Amino acid sequence: MAYTDTIFNTEKSTFQACESLKNLQSEAKTSFLSEGIPTIKNEEWKFTSLAKVFKHDYALISATSLELDDKLASFDQYQIVTQNGVLDIKRTDITADSSIEIADLADKLKDEDFVKNNFNKSFENDLDATVNLNTALLQGGVYIKVKKGKSIEKPIVIQQLLAAKSENTVTYSRIFVDIEE
């Protein structure tokens, strides 16, 4: 299995995680390695074969300076930009609007309470191999919170810019959306 032979040997965290997340990542890595890559024999994946995706060796990539698609700048929006999975704060609209919070997920993942009470909770007991792989190798991402009793007046646009020096590169990020009542 080319993928798992190389990806865990080259893993590099791009942020400082709290102990709870480090423990979750270790558990996720163990679980992924024991379960293996889902196949069409798994009920949830019976119509989708991942064999071609996972047959290659991959290298993790980190943020670089990339150009935005300015076609999206023509309308009023909350703009979020990630580069190779990492939030680009300088080009992200960290708004003063009191109804919404946009933050770097890496900052949230330093907080023990946030990780214990929120992280991976939307998956509950449905942690399949792909979620475990993402958790084990997580590099960061975006945190979006719509506050209680509030609504958003304009769209949130996330531009995920990806660039690599070779064809077989990968990034592991997550968009965490918290919508209160």
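**Figure 1. Aromatic pairs in the predicted model.** Aromatic pairs number 3 in this predicted model, where rings of Phe, Tyr and Trp (its six-membered ring) pair if their centres lie within 6.5 Å. A pair of aromatic rings is described by the distance of the centres and the angle of the planes. One of the pairs joins Y143 and F176, which are stacked at 5.8 Å centre to centre with 25 degrees between the planes; planes under 30 degrees apart count as stacked, over 60 as edge-to-face and the rest as tilted. Because Y143 belongs to strand β5 and F176 to strand β8, the pair ties together parts that are 33 residues apart in sequence. Strands (E, at least two residues) and helices (H or I, at least four) are DSSP runs, numbered from the N terminus.

Residues are numbered from 1 along each chain as its sequence is written, and side-chain values use heavy atoms, with hydrogens and water left out. Local features need pLDDT of at least 70 and side-chain atom pairs count only at pLDDT 80 or more, whereas totals for chains, interfaces and linings use all residues.

**Figure 2. The sheet β4-β5-β8.** This open sheet of 3 strands has mixed pairing; two strands pair if DSSP finds at least two bridges between them. At the edges are β4 (100-104) and β8 (173-179), each pairing on one side only. Neighbouring strands are turned by 10 degrees against each other on average, direction ignored. Strand β5 (residues 140-146) pairs with β8 in the parallel sense over 7 bridges, and I144 stands opposite V177 in β8.

**Figure 3. The sheet β3-β2-β6.** Here too, 3 strands form an open sheet with mixed pairing. The edge strands β3 (86-87) and β6 (156-161) each have a single partner strand, so one side of each is left without a neighbour in the sheet. Strand β2 (residues 78-83) pairs with β3 in the antiparallel sense over 2 bridges, with T82 opposite L87 in β3.

**Figure 4. The packing of helices α2 and α6.** Helix α2 (residues 19-35) packs against helix α6 (residues 129-136) at an angle of about 140 degrees, and their axes are 8 Å apart. Axes are lines fitted to C-alpha atoms, for helices over the stretch in contact, and angles run from 0 to 180 degrees between N-to-C directions. The arrangement is therefore oblique (under 35 degrees is roughly parallel, over 145 roughly antiparallel, 65 to 115 roughly perpendicular and the rest oblique).
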